[in-house]
Amino acid sequence: MTEQLTVTAAVAEPMPIEPFDWLGRVLANFATAERAIGQLCLALELPVEKGPLSNLQNLCHRLERNSNKRCQTLLKRIERWRSLRPLRHLLAHASIMVVRDSAGNRFILTRHLPLDRYDVTPDKLWTEAECRELLRVASNDGRSISDQIRNLLLDSVAMAELKKPDPGSPACAGAGKSGVT
């Protein structure tokens, strides 16, 4: 009657990733950041002729030259987000499937059809851990960039400073000329 029961903690294995849900969530988080960056470009009156990222380099230069801590933090996050753009492109144009190796391990395979005979875009085999990590990074970056831009848009002093054109830009080069030769 007084026997002691042995209790062991069960190791909880995470649910397997559903590939299309994972892909959609990753791309949605990338899009959240892109939408916020586009809003900031519009607020700074930067041209967006070819989409919200057409002036991303100019935006980054403006953030870089600004000493405001918010601008520097946002710049670092945007740089990390930008580093994943090739991966985002691959995922946006890939077909996906689940495969298993001989040991029964599950992987997600992204296959990219070649654009032409010279396209060497590789297929990629994703482990569950890599999928979870990419989703975590994309989610953090998307939410963080969106939140930081929302806060920056409310900071009138920082926005006024960011609206000033770069000193070396063509708009500034002609600003001091009177038109009289």
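## An exposed loop residue

E45 is exposed, with a relative accessible area of 63%. The cut-off for that word is over 50%. This comes from a predicted model. E45 lies in the loop between helix 1 and helix 2 (56–65).

The backbone at E45 deserves a look too. Most residues other than glycine have a negative phi. E45 is not a glycine, yet its phi is positive, about 60°.

## Helix 1 against helix 4

Two packed helices are described by the angle between their axes and the distance between the axes. Take helix 1 (residues 19–43) and helix 4 (residues 85–92). Their axes come within 10 Å and cross at roughly 130°. That makes helix 1 oblique to helix 4. The crossing is left-handed.

Which residues make the contact? Helix 1 supplies W22, L23, V26, L27, F30 and E34. Helix 4 supplies R88, L91 and A92. By class, this contact of helix 1 with helix 4 has seven nonpolar residues and two charged ones, with no polar residues.

## Helix 3 against helix 4

Helix 4 also packs with helix 3 (residues 69–83). Here the angle is about 45°, and the axes are 5 Å apart. Helix 3 and helix 4 are therefore oblique to each other.

On the helix 3 side, the contact residues are W81, R82 and S83. They meet R85, P86 and R88 of helix 4. The contact of helix 3 with helix 4 divides into two nonpolar, one polar and three charged residues.

How values were computed
Residues numbered from 1 in each chain as written. Predicted model: local features only at pLDDT ≥ 70, side-chain atom pairs only at ≥ 80, totals over all residues. Heavy atoms only, no water. Axes fitted to C-alpha atoms, helices over the stretch in contact; angles between N-to-C directions. Helix = DSSP H or I, 4+ residues; strand = E, 2+ residues; numbered from the N terminus. Parallel < 35°, antiparallel > 145°, perpendicular 65-115°, else oblique. Left-handed = near helix turned anticlockwise from the far one by under 90°. Contact = heavy atoms within 4.5 Å. Nonpolar A, V, L, I, M, F, W, Y, C, P; charged D, E, K, R; others polar. Buried < 20%, exposed > 50% of the residue type's maximum accessible area, 1.4 Å probe, protein only.
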